[in-house]
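Take a walk through this model, from the interface between chains down to single residues. Keep the structure open as you read.

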Amino acid sequence: MYQLPVLPDGRLEQRIKDYKPAYSPGEAVTEANRCLYCVDAPCVKACPTGIDIPNFIHKISTANVAGAARTILKENLLGTSCARVCPVEVLCVGACVYNAWGREPIAIGRLQRFATETAIASQGLAKLVTAKKAPTGKKVALVGAGPASVAAAGLLALEGHRAVIFEKKAVPGGLNTLGIAPYKQSANQALEEIRHVLALGDVELKAGVEVVAGAAGAGQASGESLLKDYDAVFLGLGLGPDSALGASGEQGAGVYGAVELIERIKVDPKLVLNGVKRAVVVGGGNTAIDIAHELKLLGVADVAMVYRRGEQDMSGYAHELTHARKHGVRLVEQRVVTAFTRGADGKLTGLTMARAENGKPVAGEPEALSCELVALAIGQATGTAVAKAFPGVQVEKGSVVVDPKTQRTGHPKVWSGGDCVNGGKEVVNAVQEAKLAVRDMLRALGGK
Amino acid sequence: MADLSIDFCGIKSPNPFWLASAPPTNSGPQVMRAFDAGWGGAVWKTLGDPITNVTSRFWAHDYGSTRMMGLNNIELITDRPLEVNLKEMYEVKKRYPKHTVIASLMVESRENWREIIKKAEDTGCDGLELNFGCPHGMCERGMGSAVGQEPKVLEEITRWVLEDAKTPVIVKLTPNTGDILEPGEAAAKAGAPALSLINTIKSLLGVDLDRFVPNPRVGGKSTNGGYCGPAVKPIALHMLAQLTRNPATKHLAISGIGGISNWRDAAEFIALGATSVQVCTAVMHYGYRIVEDMIEGLSDYLDSKGMKSVNELRGRAVPAYAEWGELDLNYNLKARINAETCIGCNLCHVACMDGAHQCILIPGRTHEEHVKAGHTHIPSSIPEVPVKAAGAIGRFVPVVDDAECVGCNLCHLVCPVPGTIAMTEVPGAIGKSETWNDRVAQGRDLNPGSLQSTLAKRGLAK
């Protein structure tokens, strides 16, 4: 059986503390007792996976923790991750009726975390979800081991199908393992959840195997072979590498893609930030806020986010920016990075910026900003090139096209979900799309 | 400022707030601290033959995050030497001559009663309370509620006491009886000038589901205890009002006991005819300090009602405590939901659907969805008024279907936002006041559709 990788100690992530620590049973019951137990509750409507939130909170209040976990996991197999990483402030918690009454909304994420973590630790995931059905002899290939594929594989396994996940990286879990800010979830926490999903049934994880569009070389599998050897294929391709600015001096040490840097903070013990006193993060999205916040928590004295528009235009969540600012991250608005400056030894010394209006640089004196590290968080390329291997699968603007009700692509044996379809959303969206895809696959596979 | 002082069958007290005979009145230092905090009187922890107590003794009934809604105890009467208690009572009375000190007594034989009455009264106490109420331990030895449950025995012992006592005698009643009037009238017949009630209710507070032993647990066993605290207040109010409207007992001074935690509770007991009130659980929970709010709150309340003294409040609600047959069948209420303050939780809807008359609809649903939800009458117009509160986009204020609403109050009671669901009086269906007793008197006491009326229609009823 496949062994999940053991992450070495000495990773920077391990220095960052949980900012919403797990509730004790007493804390959970006290918070659960505050819940009004609404009917047609707005929190449920705000949850992409439609978890019956008032119901699971009520169960926590009576110490029926396993029942609470069942209610959560029934709708969201990765309910443990989602409890930690969901932007609840703009989803369930943001919809809580207490907001309308000027009272502190219920801490739904923390209650969900309490229920899932407690119940899974005591009896394992398998005992908290529907019993696994007898083997069907059918098998499904899942490309990419991000949350969409992991959730889909788990659900397929419970139906008695064989699920085989192909992942090109050594560490599975996609951004849920490698891209979540450490103060929300550690890589080991994400891997622990995958361990439980793999144990649900006949799930195989082929890590270090890349699915390619053309002929397969060593450590590769061709898309064509998947179509031939499997009864169905799920594409959970995620996104591609970090985008670059294309400014002079960008290539070389000291300038990182934000996603790449976060991944290294989480899993690479070789990454050190020695000598980095000042860091600049370019961008205004959630990845930008995350990496800025992480750098600050790792002890970088000055962390500036440089954004080409104003704060109100940022796609990053306001509550995340507030947290980051509380820890000292500063925001430089209406600036475009025009070049990176390096010393004679090639070492990064800073960057120059132009003032911007409507996101575009305008004439004027360039401004200099000294720094030893830059993280570019200006988006990710798409990673859907492999879709070509599946005839009929449409790709538009880099995203796989699906029927949103079924997640079915233009190929009758191929479904898709997660960031490669939605362009980059939350783990909870990936899980919901996986759920819809599996529901439709079951019909096609002749399940119930 | 209203006058809070009372005259309780001759016992003068600076205010109606007394501590009940219980752990808060266990010792002299405690009672003196209580008097310093503002309590007007204290009924000393019951004196009697020495006993031995067990560990543990209390357990509580919580509801949600509300601690100690109800409290249960298996503690017996005082376990301190009688002479120590008597000495401390004497000292307290000497240092606080204007405060009320009542000796609570529980012994068995006539001789014992005679002896303990003498000793108690020698301390200078203001009165005696006969503990005929304790429902655990002592009753197994033929005392406490064993007496309160036998009106004849209660009457006889009360007579003994009245023969010997020089100070006013208060008979403390147990609620563990079918009809509180029986022991109440027995005490009146014996000539007692006063009652106090209720003592605790016989109870098992809960079960330890790992050990399979009820709580509170004494090793591997438990026993039934006495239940008190906020949860028992409605039972106490009912028994109090039974006695204060009853011709044979309404002349008695009554000290009301049972879940009194604040001035509002106290005012309700007084409005139903209590002269003083006794408090225990709330003090065991929060301490003597709660009396400050009780004094201030009651005083301000009396002022706001234009009452010059607490005596003006006493019994004000007794006449309105009627029999069911005297209630007006024409009186009619409808629920009205305030769209300005509704937060859209829909708790009124679910309570009405499953616990009442299916008359609160959630707008925005299709006719079929209303039917599926369980509505049998669907109004032609269900206005979609948005919940105003920010963030409640797409939520509508629930709609009350007047045709089905029976004005039961349930939605008003479950609504979490105070003042959002009002019960509004509307014209009644009969058109004039009419009670069931009126109908009985007129021979119209048949409900349409009842077996009796069906038989009558067919000429088969006599």
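Contact here means heavy atoms within 4.5 Å. By that test, 13 residues of chain A are in contact with 17 residues of chain B. The model is a predicted one.

Start where the two chains meet. The size of an interface is often given as the accessible area lost when the parts come together. Between chain A and chain B, about 1100 Å² is buried. Carbon and sulfur atoms give 61% of that area. On the side of chain A, A:V39, A:A100 and A:W101 lose the most area to chain B, together 44% of what that side buries.

Chain A and chain B share one salt bridge. B:R365 forms a salt bridge with A:D40, and the closest N and O atoms are 2.9 Å apart. Three helices of chain A each supply at least two residues of the side that touches chain B: α1 (25-34), α2 (42-46) and α7 (97-100).

Next, look inside chain A. The chain is divided into domain 1 (18-127), domain 2 (139-240 + 382-444) and domain 3 (255-376). Follow domain 2 and domain 3 of chain A. Their centres, taken over C-alpha atoms, are separated by 32 Å. Where they touch, 14 residues of domain 2 of chain A are in contact with twelve residues of domain 3 of chain A. The two domains bury about 1000 Å² between them, with 54% of it on carbon and sulfur atoms. A:L178, A:P182 and A:Y183 supply 47% of the area that domain 2 of chain A buries against domain 3 of chain A, more than any other three residues.

What charged and polar links run between these domains? There are two salt bridges between domain 2 of chain A and domain 3 of chain A. The count of residue pairs in polar contact is six, both residues at pLDDT 80 or more. On the side of domain 2 of chain A that touches domain 3 of chain A, helix α10 (residues 175-178) of chain A gives the most, with three residues. A separate entry on side chains: A:K184 and A:E320 meet in a salt bridge at 2.8 Å, N to O.

Move to chain B and its own helix α10 (residues 291-304). This helix has 14 residues. From first C-alpha to last it reaches 20 Å, close to the 20 Å expected at 1.5 Å a residue. Which residues of α10(B) are buried? They are B:V291, B:M294, B:G297, B:L298, B:S299 and B:L302. An α-helix has 3.6 residues a turn, so residues three or four places apart point the same way. The cover over the buried residues of α10(B) includes β3 (17-19), α1 (28-37), α8 (263-271) and β17 (276-279) of chain B. Just after α10(B), B:G306 takes a positive phi of about 70°.

B:T281 lies in helix α9 (residues 281-286) of chain B. Is B:T281 buried or exposed? Buried means under 20% relative accessible area. B:T281 has 7%, so it counts as buried. Leaving out residues up to four places away in sequence, B:T281 touches B:M68, B:L71, B:C228, B:G229 and B:P230.

B:A186 sits in helix α6 (residues 181-190) of chain B. Its relative accessibility is 5%, so B:A186 is buried too. Beyond its neighbours within four places in sequence, B:A186 is in contact with B:P151, B:L154 and B:E155.

Methods:
Residues are numbered from 1 along each chain as its sequence is written. Chains are lettered from A and ligands numbered from 1 in the order in which they are written. Side-chain values use heavy atoms; hydrogens and water are left out. Helices (H or I, at least four residues) and strands (E, at least two) are DSSP runs, numbered from the N terminus. The expected span of a helix is 1.5 Å times one less than its number of residues. Buried means under 20% relative accessible area, exposed over 50%, partly exposed in between (1.4 Å probe, protein chains only). Domain bounds come from an automatic or database domain assignment. Buried area is the accessible area (1.4 Å probe) that two parts lose on being put together, summed over both. A salt bridge is a side-chain nitrogen of Lys or Arg within 4 Å of a carboxyl oxygen of Asp or Glu. A polar contact is a pair of N or O atoms within 3.5 Å; within protein, one must be able to donate a hydrogen and the other to accept it, and residues adjacent in sequence count only if both atoms are side-chain atoms.
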